[in-house]
Amino acid sequence: MFATLELLKEKYKGKDYSLCEKAFRFAEKAHANQKRASGEAYFTHPCAVARILADLGLDASTIAAAFLHDVIEDTPVSEGDIFKEFGQEVLDLVQGVTKLEKIEFTSKEEEQAENFRKLFVAMAKDIRVIIIKLADRLHNMRSLNFLSQERQQRLARETLDIYAPLAHRLGISQIKCELEDLCLKYLEPDFYEYLSSNIDLRVKESVELIDHVVEEVKIILDESKIEGEVYGRKKHLYSIYRKMKERGKNLDQIYDLVAVRVIVKNIDECYEIFGKIHHKWKPVPGRIKDYIATPKPNMYRSLHTTVMTNFGKIFEIQIRTYEMNRAAEYGIAAHWKYKENKKDSDDFDSRLAWIREVMEWQGGLKDSKEFVNSLKGDIYSTEVLVFTPKGDVISLPKEATPLDFAYNIHTAIGHRCVGAKVNSKMVPLNTVLQVGDVVEVITSPSSKGPSWDWLKIVKSSSAKVKIRQFFKKEMKEENVRTGKVMLETEAKRRGVSLSDILNDESFLFLASKMSFSGQDEMFASVGYGAVSTHQIIIKLIDFYRKNQPKPTETLNLSVKSNGTGGVTVKGINGLLVRFAGCCSPVPGDSIVGFISRGRGVTVHRSDCPNLKNADPDRLIDVTWNAQAKTEYNAGIKVFGETQAEILTEVAGLCSQLKLGITSTLGRIDNKTRKATVEFGIRVNDKNELNNLIIKLKQNPKILDVYRTTT
């Protein structure tokens, strides 16, 4: 672990190194006596994450956050402690990653989607959050062999579906390639072993041929009086695996297992060498790609060509500048590693443009699953490069149409589109565009706007959102009326009245799940088809059943009460209060009161998602009463191999810590066959609850545990 400090001492100087060392010492102490699944000291993990980020060239604040990224989640250290010792910038980074650590992708699909949405919001606020998370995931994947096969495959699938594509979109090929290879190792172990052994064998057999090509290209450089580097580079396993699967080929039919890379000083030299290589060897038709003139969406730039050598072997040759090579390896992280270079800053802004665009249109999506599907479409989409009549290059998703092109240019052009020309010929709006097409949009000022049918034509996520937003804005009043009638009808069909299940508190709950700013917006979203009546009514009924007081129930829901529930409202004792079941606050939590109509004051945790859209006028200051001897209910969710193991371990530990169990609710995941049990725990304060969670996480029979909210 101390080798980490030696590495940092080489890369960071003065105040920067002092910050890194301070974070190292702080985290080392916080994680003392904690172990990983491998049996190693837990602190080896944040050290490894910090080294990965240091190699990428991230700044000292990011390195400090890497050391600290698990302390809030897994140790008694508080956010206030981090702020006091390291300041707001480091705290913001740690908070971002801490929230991401709470993502549980084996939970219900809707919860998974909402957590992914939160992940992207955190990423948009500070891109360093996702870079830390990628480094964290990379080290976890490197040490995955110590986990069960089920967890290996679950984490590998999650990584391949989400984190590797994000690394690719941000241009960080170092992390992207290693993540993909590690995923292949656990998802297709037999295929991985086959490729590993056979590719290494073929590369060894081709060493002389590779060396020959490298020497021939070096001769071309010398004759051209161009300084540069030339070397052979084995392609990573997953790219070969994907090529075999997509093209239905076996390994003997994959010729470009090794690419020869040429790195020179400037773009002119790239094209000069490109031409001279084609003069020496015949290029393979259809295998020439100019990513300098038309960069990939992640700003990757290079010239690629595949040539047939004079000894009958096919080789891929990549030609790029040193600057392009740095950008290809480090992606968005090059902004920190080479921040003195203005071009890298421009690339950084270009990469962030995609994130900004997503954050613009995601606000129009009230359903998290729709957001995830839209975002995955953007991450995974195969690009189609087309041209405007003026020669500007536009990147669109595969199977895009002229309508996608129109909305890409400007929202207003999309709304007023009445026709299109492709390569100077009139075409229908649902025509699928091909690479190299020249597209011209025909608009009319008298156009009344898009048609609902356009949602079936466009392929890009942003175009779909812009069309929906048009209907939301232009037809709001009608949509509000229609949506309300639809919800009333659906509620009646299910045997309830909408007025009974829709009140201030239930709407707060609903808004936290679906980000509605008001009831009219909810009605309108139903009316224009963005959200189904089923999605809303099911949530409202569920909230109503969970929160409807029983006939014998008092307003105070703590286990034992002194009449105030252990809190003081605006300095006045004796008022009746109830504790929100959605977040179950306990002493030590920051709390706030919500004035409920007819139900007194409901006490929530300050970070409760149900308060996100609360009316500020109905929030009231409340504080814990230190003299009150009161016990409180808190909730935890525990994941394990079997319910029996979970119940045994939790019951034993609660007995040891003298904590009471007030309720249990278990279920089995139909896909993984793993168990989840939710517990109600009787505690005196937050410290008792945190101590229980930390001890459970250290138990090898427990897969995961966290405090529950709504």
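**Close-up views of aromatic contacts**

**View 1. A ring cluster joins Phe191, Tyr194, Tyr238 and Tyr241 through ring pairs.** The model is predicted: local features need pLDDT of at least 70, side-chain atom pairs count only at pLDDT 80 or more, and totals for chains, interfaces and linings use all residues. Residues are numbered from 1 along each chain as its sequence is written, and side-chain values use heavy atoms, leaving out hydrogens and water. Rings of Phe, Tyr and Trp (its six-membered ring) pair if their centres lie within 6.5 Å; planes under 30 degrees apart are stacked, over 60 edge-to-face, and the rest tilted. The structure holds 14 aromatic pairs.

**View 2. Phe579 and Trp624 form a tilted aromatic pair.** Their centres are 6.0 Å apart, with 40° between the planes. Phe579 lies in strand β13 (residues 577–579) and Trp624 in strand β17 (residues 622–624), so the pair ties together parts 45 residues apart in sequence. Strands (E, at least two residues) are DSSP runs, numbered from the N terminus. Phe579 is buried, at 7% relative accessible area. Trp624 is partly exposed, at 21%. Buried means under 20% relative accessible area, exposed over 50%, and partly exposed in between (1.4 Å probe, protein chains only).

**View 3. Phe579 also pairs with Tyr632.** This pair is tilted: the ring centres are 5.4 Å apart and the planes at 45°. Tyr632 belongs to strand β18 (residues 632–640) and Phe579 to strand β13, so the pair ties together parts 53 residues apart in sequence. Tyr632 is buried, at 2% relative accessibility.

**View 4. The charged end of Lys22 sits over the ring of Phe86.** It lies 5.3 Å from the ring centre. The criterion is NZ of Lys or CZ of Arg within 6 Å of the ring centre and within 35 degrees of the ring normal.

How values were computed:
Helix = DSSP H or I, 4+ residues; strand = E, 2+ residues; numbered from the N terminus.
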